[in-house]
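Let's take a walk through this protein together, one stop at a time. Keep the 3D view open as you read.

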Amino acid sequence: MDKLTISNKYVRFGISCFNLLYLFLISVLAMWTFLYTIELKNETTFYVVYIALNVIFFILMMMTRNQFFTRIVSLLLLIPVFVLVLFSSAPALFIPPFVVGVLMFFICGAGDTPKIIWGSFYLILFIVGIIVFYIISALFGGSAVETILDSSVTDTAVTEEYDMDKIAELNANSVSPDGKYRYYIIDVQDNDRGKVIIVVEPNDMDINYRFFTLVEEGYSIRIAKYSTRGVTPDIEWVVNEDYDESGEMTAASYKLRYRFGENAEWKTSTINIPTSKNYLTFLNVD
């Protein structure tokens, strides 16, 4: 272990300060998983870079394990990792920092008393916190299973219920002509007959980065719900024209026109995006 220690105290201090960046990055990632849905543009490239960064910072932290800032990072890292465990869409997002956090918690040069205090806190946080989270999700979100109908769905219990070719055509035209909105269709499996839900959300609030996109979901609205799953809807965008007192058109926005079944009546819904973000979208409450 001593071979991994840097002899120059100024270099050790500089690297220890640099390790704070790792805590910051994991904290930001944890915040993103709570506020957005992370869509990877290239999973292989992202995970290679992501795992490499975790390995690099793990080595740097090992080499400066007795430095003050490294000890701080080692003791605090599992807090944002806990958020990642709850909200990340893929285990590969939280496993690397979780491994780094656990190993550095024991390796770092912090005293026994801080480790006992923080260790007890993390045991309660991860065991009780995860149990409470899933109890709350079950109570408020119910036992229904929601699946967004798109090309990524492989569950035959879902795909056999719908005309997936038609779904693909609908998804290809899901963005409104002015680019402001988009819709998607949800299949809901519950203890009854299930549901089909049409959801509309802003299309201009996502944040794009090189390897991934932060998809905003906190402003979505469920504009239509059919009380039996398995019905493939018809959906189209129609112009909603606004006129002033003189009869001149002042603006043009879009409404969503839909029907559930070929013999059903067409309905039109105005798009009224919420003005405040819903931070509880993970509960999947209708």
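**From the inside out**

Our first stop is threonine 33, which you'll find in helix 2. Keep in mind that you're looking at a predicted model. Is threonine 33 buried or exposed? Its relative accessibility is 7%, and buried means under 20%, so threonine 33 counts as buried. Its side chain reaches the backbone oxygen of alanine 30 at 2.6 Å. Skip the neighbours within four places in sequence, and threonine 33 is in contact with Ile38, Val83, Leu84, Phe87 and Ser88.

The largest nonpolar core has 43 residues, and Trp32 and Tyr50 are the ones that touch the most other members. Who supplies this core? At least two residues each come from helix 2, strand 1, helix 3, helix 4, helix 5, helix 6, helix 7 and strand 6. Helix 3 gives the largest share, with nine residues. Zoom in on tyrosine 50: leaving out residues up to four places away in sequence, it touches Ile26, Leu29, Leu84, Ala92, Leu93, Pro96 and Pro97. Apart from this core there is another one, made of 22 residues, including Val158, Ile167, Tyr183 and Leu256.

Time to head for the surface. Phenylalanine 140 sits in helix 7, which runs over residues 112-141. With 55% relative accessibility, and exposed meaning over 50%, phenylalanine 140 counts as exposed.

Terms used. Residues are numbered from 1 along each chain as its sequence is written. This is a predicted model: local features need pLDDT of at least 70, side-chain atom pairs count only at pLDDT 80 or more; totals for chains, interfaces and linings use all residues. Side-chain values use heavy atoms; hydrogens and water are left out. Helices (H or I, at least four residues) and strands (E, at least two) are DSSP runs, numbered from the N terminus. Buried means under 20% relative accessible area, exposed over 50%, partly exposed in between (1.4 Å probe, protein chains only). A nonpolar core is a set of buried Ala, Val, Leu, Ile, Met, Phe, Trp, Tyr and Cys residues joined through side-chain atoms within 4.5 Å. Contact means heavy atoms within 4.5 Å. A polar contact is a pair of N or O atoms within 3.5 Å; within protein, one must be able to donate a hydrogen and the other to accept it, and residues adjacent in sequence count only if both atoms are side-chain atoms.
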